[in-house]
Amino acid sequence: MQPLNQTPAWYELSRLADTFRGRSLPSLFDADTARAQTLALEACGLYLDYSKQPVDATVLKALLDLARQQDVTGWIARMFAGERINHTEDRAVFHVALRAPRNAAFKSGSQDASADVHRVLDRMASFADGVRKGLLRSATGEMFTDVVNIGIGGSDLGPRMVNEALVDFADGPRTHYVANVDGAQLEAVLKRLEPARTLFIVTSKTFTTLETMANANAARRWLVRALGEHAVGEHFVAVSTNLPEVRKFGILPDRVFEFWDWVGGRYSVWSAVGLALLISLGSKRFGEWLAGAHAMDEHFRQAPLEANMPALMALLAVWNRNFLGGATQVVAAYAQKLESFVAWLQQLEMESNGKSVHRDGSAVTVDSTPALWGDVGTNGQHAFFQMLHQGSEVHPVDFILPVLGSHPWLDQQRMLVANCLAQSAALMRGKTADEVREELQGKLQGEALEAAIPHRVFPGNRPSSTLLMPRVDPFHLGALMALYEHRTFVLSVLWNINAFDQWGVELGKKLAQTVLQAMSGQAADLDPSTAELLNKSLKY
Ligand code: F6P
């Protein structure tokens, strides 16, 4: 295989980057007065403005040539056809089937994925309905008032984030999420709950994850202490692909909701992993959220590359990362309800594309995914935005702005919107020494004025995209999440990486077992630093 950095499209982009670096973003608006309208795109109720990205028609054409060279369209078709594109685990990648309608007829090999998905969705809906209406009751005959999802990573981040984001639409029992093996989290949740009214959902694709099994066993002990062993059947539900392990835990077969190996953990929220969400939101809202994601899937599958929102966002990310030296990727959602969005996105992007080899195992010749981080606006403005404006490196930003709030404080919503729009404008424009001088006229003079100027200058030219959406509602949240999922996939295709395995998390898990062995006095092969840290820890 030709190294990626020596391919024709990569060469052309490198050449363009050399000529492009000197051009300021404001000058691009001078050169093309319709830029704000033409470098924008609408899909599924989301509006993407990328006019503040350092691109022009020539760069965009070269980026699209890269997409064609890397066969983005072919890979999209392969994913939707249920091919085993996760080749290191020999699995299809079919999360799009999870949100497709009943008649979608998605097939992976001989497996009728659509039929399987809707069979489980129907079971989930009837179970959720039973809990919500009090038809399914606790061992003591009471209604469940609280549902605790026990899971970690993809078995936690997605449902928790969506539950928080859609809290205004939740009318079922209260939901709680426990992920960390740090018992402090479990304790904080359990101490507020009544065993006789609490339903546990143990969510784990593998049903072997240390954190989840530890929390599930502790929760089981807590319940049995209060209600006795016989209560476990009524109070525990499992969501997993590993049915034999679930059986061993003692969860009844009719309380198990399965999914399939073609659903990656970080893409699994749309499967039975979303059961707590369904109980909280009810079928109608849950269906709207799936429909939003499906609408984005259809856009992704059908739109030509130049009008394909996930593909364009991925191309802009590669341009910033690989050609203009963007240090990291920042995401700032201007909505308190999206407080956990970045955490969900971090797993999605960094567990998918944080790799150093291509699909064929050869070392990458270009940088793969940068760190992705951020916080909600306006909070981030008072924490790390200083660095975005005046730091020595450039960090491209995605601003996400649900324009309409879901609260009665309309004047504050106006302030939120104004701040989001102002930040992207400030990052682009910057502030020159002359502007600072004028601003300080009459306040400082002479040497004091000149000394103050460099500290107040903003370099500007810092790229951002802005995504507008009407509000944080089920449909648009579904579309937003699917947009980022597909952006991640296209990035992997552009970098020729398998986005769907995660071998990098294995070693740490294994070594934790070794340390646990050493802690219980067994011989264990530890390096001197780790052995010493363990010795010290055991003395506390
Ligand atoms: O962090 C590794 C990982 O395997 C993730 O990919 C996954 O989302 C998480 O652990 C939880 O895994 P499981 O659902 O199997 O418990």
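This report describes the domain contacts, the ligand surroundings and some backbone features of a predicted model.

Residues are numbered from 1 along each chain as its sequence is written, and side-chain values use heavy atoms, with hydrogens and water left out. Because the model is predicted, local features need pLDDT of at least 70 and side-chain atom pairs count only at pLDDT 80 or more, whereas totals for chains, interfaces and linings use all residues.

**Domains and their interface**

The protein chain is assigned domain 1 (12-19 + 27-81 + 288-429 + 462-495), domain 2 (96-281) and domain 3 (505-537), with bounds that come from an automatic or database domain assignment. Taken over C-alpha atoms, the centres of domain 1 and domain 2 are separated by 31 Å. In contact (heavy atoms within 4.5 Å) are 32 residues of domain 1 and 26 residues of domain 2. The area buried between these two domains is about 2500 Å², and carbon and sulfur atoms give 65% of it; buried area is the accessible area (1.4 Å probe) that two parts lose on being put together, summed over both.

Four salt bridges are counted between domain 1 and domain 2, a salt bridge being a side-chain nitrogen of Lys or Arg within 4 Å of a carboxyl oxygen of Asp or Glu. Aspartate 297 and arginine 99 meet through their side chains in a salt bridge, at 2.8 Å from N to O. Ten residue pairs, both at pLDDT 80 or more, are in polar contact between domain 1 and domain 2; a polar contact is a pair of N or O atoms within 3.5 Å, where within protein one must be able to donate a hydrogen and the other to accept it, and residues adjacent in sequence count only if both atoms are side-chain atoms.

On the side of domain 1 that touches domain 2, α5 (72-80), α14 (283-302), α16 (341-353) and α21 (474-495) each supply at least two residues, and α21 gives the most, with eight residues. Helices (H or I, at least four residues) and strands (E, at least two) are DSSP runs, numbered from the N terminus.

**Ligand surroundings**

The ligand is surrounded by 14 residues, of which the closest are Ser155, Ser204, Thr206, Thr209 and Glu351; a residue counts as near if one of its heavy atoms lies within 4 Å.

| Residue | Protein atom | Distance |
|---|---|---|
| Serine 155 | side-chain N or O | 2.7 Å |
| Lysine 205 | polar backbone atom | 2.7 Å |
| Threonine 206 | polar side-chain atom | 2.6 Å |

**Backbone features**

Most residues other than glycine have a negative phi, and most peptide bonds are trans. Phenylalanine 207 has a positive phi near 60° and is placed in the loop between β7 (198-203) and α10 (210-227). Cysteine 44, in the loop between β1 (40-43) and β2 (46-49), has a positive phi near 55°. The peptide bond from glycine 377 to threonine 378 is cis, with omega near 5°, and threonine 378 lies in the loop between β11 (372-373) and α17 (385-390).
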